[in-house]
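Let's take a friendly look at this protein together. Have the sequence and the 3D view ready.

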Amino acid sequence: MKAWGKKRLIKLLETNVLEGDSMDQDVESPVAIHQPKLPKQARDDLPRHISRDRTKRKIQRYVRKDGKCNVHHGNVRETYRYLTDIFTTLVDLKWRFNLLIFVMVYTVTWLFFGMIWWLIAYIRGDMDHIEDPSWTPCVTNLNGFVSAFLFSIETETTIGYGYRVITDKCPEGIILLLIQSVLGSIVNAFMVGCMFVKISQPKKRAETLVFSTHAVISMRDGKLCLMFRVGDLRNSHIVEASIRAKLIKSKQTSEGEFIPLNQTDINVGYYTGDDRLFLVSPLIISHEINQQSPFWEISKAQLPKEELEIVVILEGMVEATGMTCQARSSYITSEILWGYRFTPVLTLEDGFYEVDYNSFHETYETSTPSLSAKELAELASRAELPLSWSVSSKLNQHAELETEEEEKNLEEQTERNGDVANLENESKV
């Protein structure tokens, strides 16, 4: 009975949800239909497609806040391309895999050459004449595979304890010694180079380059601007630092082609040189919202409805190593605050400037119009039109007054002429 009741409840819920969806599609009503709250057990028993419709869809990031790209490459068939650039492939691996490969490469080479040294001793018969003083072996004091493995390690690492030594009566051993020495040097150079590059990667320097958690939109010098803040936590500076920004938003062309995650440049001072930074103290990067801006027609009410992402990229050379460094971050619509400014963090102390990084991410509200930049420009143009109209209207009014005065003068003259004529007639009579 309980199972039958549960199935009946699920069926009723499915029909109610489907009927509610059909009603919402068929009838356009501003009144929202609120579904009743269900107990936890009933919510757990709901089918997945119903519970998925109730959850609010989140905006998927293209670049995460820590700068890592949220893109996974699948169905890559040409995997051989990774092996053609094996050095970069090893450097890009995680540390645990890199260390595992480092240990495995050395261990395999030592075992491989140790096996060959043991085979040479076994084929020559050195194992049968271990205690024979008149026998000249290929390698002295080599009496098994373990001793051959130790001799391989001593040869490749050039340790040279002096207990096991190759003799001049073994030409194949001399050739193997040359081969192992050359290959060992190549392996050392390759693996040590990978570890050195892995340790000194410039992306570790990017950990001390910080971006504000929010971007803001407010007025600056009478213009609506999008702003965010960047800072460097280290005393060693980033040389030739430059910043750029991209708008990630899907679009559909006039021909009907859908372009997912289309990238559009956001001007942060490219033409004026403001994108080249002297990053000694935190700086506020500003983007003026003009006719070339992708935010030209976006207002405060429309901003939360947009599905967009702003990716900011800071590049420069590390002063200590001279290697190029890149730091990235992103802002989605929920992280863009309309009508806010950043709190100042720079203060003048006794002989130096103090940066308070506790206030780096803080903002404060300021008076900002909720209209888009396009609407503000239209209002400004309308406010200027009456000024020009007033000049012309005043000129017209002045001309009309002059004409009215002229007409009055003519009427007065005609009246005077009429009076004079009447007087002349009366005198004649």
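This is a predicted model: local features need pLDDT of at least 70, side-chain atom pairs count only at pLDDT 80 or more; totals for chains, interfaces and linings use all residues.

Residues are numbered from 1 along each chain as its sequence is written. Local features need pLDDT of at least 70, side-chain atom pairs count only at pLDDT 80 or more, and totals for linings use all residues.

**The largest pocket**
- A pocket is an open set of points on a 1 Å grid where a 1.4 Å probe fits, with protein on both sides within 12 Å along at least five of seven lines; lining residues have an atom within 4 Å of a point.
- There are 36 lining residues here, and G67, K68, C69, K203 and R328 lie nearest the centre.
- Each of α5 (86-92), α6 (95-124), β1 (209-211) and β9 (324-332) supplies at least two residues of this lining.

**The second largest pocket**
- Its volume, the space filled by probe spheres set on the grid points, which are joined across faces, edges and corners, is about 740 Å³.
- Of its 30 lining residues, I266, N267, V268, G269 and Y270 are the closest to the centre.

**Helix α8**
- The 29 residues of α8 (171-199) should span 42 Å at 1.5 Å a residue, counting one less than the number of residues; the end C-alpha atoms are 42 Å apart, which agrees.
- Buried residues (under 20% relative accessible area, 1.4 Å probe, protein chains only) in α8 include G173, L176 and Q180.

Key. Side-chain values use heavy atoms; hydrogens and water are left out. Helices (H or I, at least four residues) and strands (E, at least two) are DSSP runs, numbered from the N terminus. Buried means under 20% relative accessible area, exposed over 50%, partly exposed in between (1.4 Å probe, protein chains only).
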